[in-house]
Amino acid sequence: MRALLFAWRGLVRQPARATLGVLGVAAVGALLFDMLMLSDGLIVSMRDLLERTGFDIRVTASGDLRRVGDRMRDTRATMAAIRQLPQVGTVLAIRFVEAEADGPVALTLEGVQGDTRPWTLLSGRDPAGDGEVVVSQALATAMRVTAGSELVVRARCASRDEVLPPARLRVVGIAEFPFELVGDPTAGGGMDVLDAACASRTDESDIILVSALDEVDATAAAIRAAQPRVNVATNEQVIGRLQRNGFTYFRQISSVLSAVTLAFALLLITVLLTVSVNQRLGEIAALRALGFSRRRVVADVLCESVLIVGLGGLISLPLGAALARGLDSILKTMPGIPGEMYFFVLEPTTLGLHATLLAVTAVAAALYPMQIVARLPIAATLRNEVLS
Amino acid sequence: MTPRRSARGGPSRAAAWAVAVIVALLGATLPAPAAAQPAAGLPTVLVSRQAAEALNLSVGAVVQVAPPDGSRARDFRVAGIYEPTPDPSRLGNAIYALRLHLPDVLALTSPADAPKGAESVDAINIRLTPGADALAFSRDVNARLPGLAARPTTEAGAAAGPFRVLERFHLAIALVTIIASTVFLVALTVMLVDERRETVGVLRLIGLPTSRVLVQVLIEGVLVAGAGSVFGLALSLVSEGVINRFFQWRYDTALLFVQVTPSVAVTCVLIAIPLGVSATVVASWLLLRRNALRLARR
């Protein structure tokens, strides 16, 4: 405790140097904090998003969860077969169709069929009749529509270059779509809405969502056995696939940047402390001559490092949080990212890891200056100090 | 042409899936088989390196290719194995693809009852003669053929969208790094200049004006910052190869992740040297404002 107070006085005595050191650690610590949040942020966010929807299993034709994968045919029959399984709770089929509204505003039409709805109603009511849809807040804002308004869309059902006659839809509510992509607002309704917009009736769907009453893996296995032609994935399997393929780039880049950041902090704190110690060699020798033990002066240096890194680390937390918001807003402009997903997610383990890494950095950075102090020849240093 | 929606699949469904990710080229643009002459009667196919590795294919092998529904399967002889053009939008996904002659693709994918002339292609790539104006050519095509949309390849950068975002992200990270470096740099220079307080005081006492000392500090700053920049560039050139090799191995791609171009090098030097020199001069100026006697501790 005494060593800590002594180190604090040492820092206060040189406020400019101490402040710059702390600010430098704060900036580096903020970057480290962000990289730690980024390393698992997307996975944590995706898991949260998948769990929020209330479905445990995703059934697709090809295993591709993006909206460009193969479509499943015979949706009604597939759903009926899945429903017959005793482990299955609710079943919901969804078909996505690209569309364009006046503006032009590109949007996604989401047609659903099943026991529940994939959106959360914010105002108005759920679509009940032909041509009724709920729209996301983003679409409502972009098209300036509210419950009761008419929305005219031109769907592109078979190909991007297809031009179909406009479909007139009636907005009956505003809803939150958990997987709505940034820059791609959504309108949702029954499958009949999509059939009308596409001017054709099909029994296709992009995905069937299933909630399990029993153990999820066993339910997924039962669906696989009942429907061997489709691809069945639990939420955990989806996350695992994303961890292997989709989001590894951010984990890699965060690992590289974390390592570089720590090396940078280590190098610079070491230099700061070493120069500081070298400038105070006479003072330290005098303290040793007055009776301060070797362990005590070494502890002073360590405490100085801990104080600089500790204070910088504390400041880095709000700084890093603010920086993460800015970086997240940049990355969210990436196409195909749901608006409810976040790249930087704070978890208790992130805070712990951040503190541990900074603590290790503080100790490692102090090693060399501590060695200088520990090996300081008292008499020779004092003599040199007097002569100089 | 294979419908856009069916262009997905998994490696276990080798043949159907292979057709599903076909990149059809005009027959004239297919490179000639390099390693083996195809057997007479069998159409030829090029296989991506990843697909060849996954399916254990080599040049000369005969593969059966069929549309996703498994119908109309045909035998093809592997004429060559190619490295797919790096595609940022497919990072992390191995590119399992075949390149067929366009008539072969149409024969596989067009409905049997389709009238002659009803075939369609997704796109036609055109290489202009050297010096030709691509924009003017595309405008001309758009004017003459209203049903088509022609555009120069320089504008067809939608697939690079994620990487443009990453570029902005990396730029933001670089800015934070520069800010952190600047703070540390100022802290270091303050300490280093303070260490030379007595020397500077003596120089002032023997008659050197402040401006003369500052010039000396400035020259020192330029030399140190220049040496630091050169060292930094050398380090980045070494790490460039390491990082590229790691990520290329990790994602099985030929994409370049880090590229130290001359413009990047110049930008780094243009930032680093003024920053280093400024930090040195500012720290020295703060010291030189003090009384010379105090500096020399007399």
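So, pLDDT is the predictor's confidence in each residue, from 0 to 100. I start there because what we have is a predicted model, and pLDDT is the predictor's own confidence. For chain B the mean pLDDT is 76, with 79% of residues at 70 or more. Over residues 1-38 of chain B, pLDDT stays under 50. The model still has 92 contacts beyond four places in sequence for that stretch, but where pLDDT is low, the predicted coordinates should not be read in detail. For the complex, the predictor gives an ipTM of 0.72 and a pTM of 0.70.

Okay, on to chain A. You've got 12 helices and 10 strands there. Its C-alpha trace spans about 100 × 45 × 35 Å along the principal axes. Even so, 43% of the residues in chain A are buried. And if you take the contacts in chain A between residues at least 6 apart in sequence, 82% of them join residues at least 24 apart.

Now, the largest nonpolar core. It has 73 residues, and the ones touching the most other members are A27(A), I269(A) and A187(B). Which helices supply at least two residues each? From chain A, helices 2, 8, 9, 10 and 11; from chain B, helices 5 and 8. Helix 2 of chain A gives the most, with 19 residues. Look at I269(A) on your screen: leaving out residues up to four places away in sequence, I269(A) touches V25(A), S305(A), I308(A), V309(A), T361(A) and A365(A). There's also another core, lying apart from that one, with 52 residues, including V91(A), V112(A), V153(A) and I207(A).

Last stop, helix 11 of chain A, residues 348-374. Its 27 residues reach 38 Å from first C-alpha to last, close to the expected 39 Å. It does bend, though: about 40 degrees at L367(A), with a proline, P369(A), following within four residues. Buried residues in helix 11 include H354(A), L358(A), T361(A), A362(A), A365(A) and A366(A). For anyone thinking about that spacing, an α-helix has 3.6 residues a turn, so residues three or four places apart point the same way. And T361(A) and A365(A), both buried, are two of the residues that I269(A) touches.

Methods: Residues numbered from 1 in each chain as written. Chains lettered and ligands numbered in written order. Predicted model: local features only at pLDDT ≥ 70, side-chain atom pairs only at ≥ 80, totals over all residues. Contact = placed C-beta atoms within 7 Å. Expected span 1.5 Å × (residues − 1). Bend = angle between axes of the 7 residues up to and from the residue. Buried ≥ 20, exposed ≤ 12 C-beta atoms within 10 Å, placed from the backbone. Core = buried A, V, L, I, M, F, W, Y, C linked by C-beta atoms within 7 Å.
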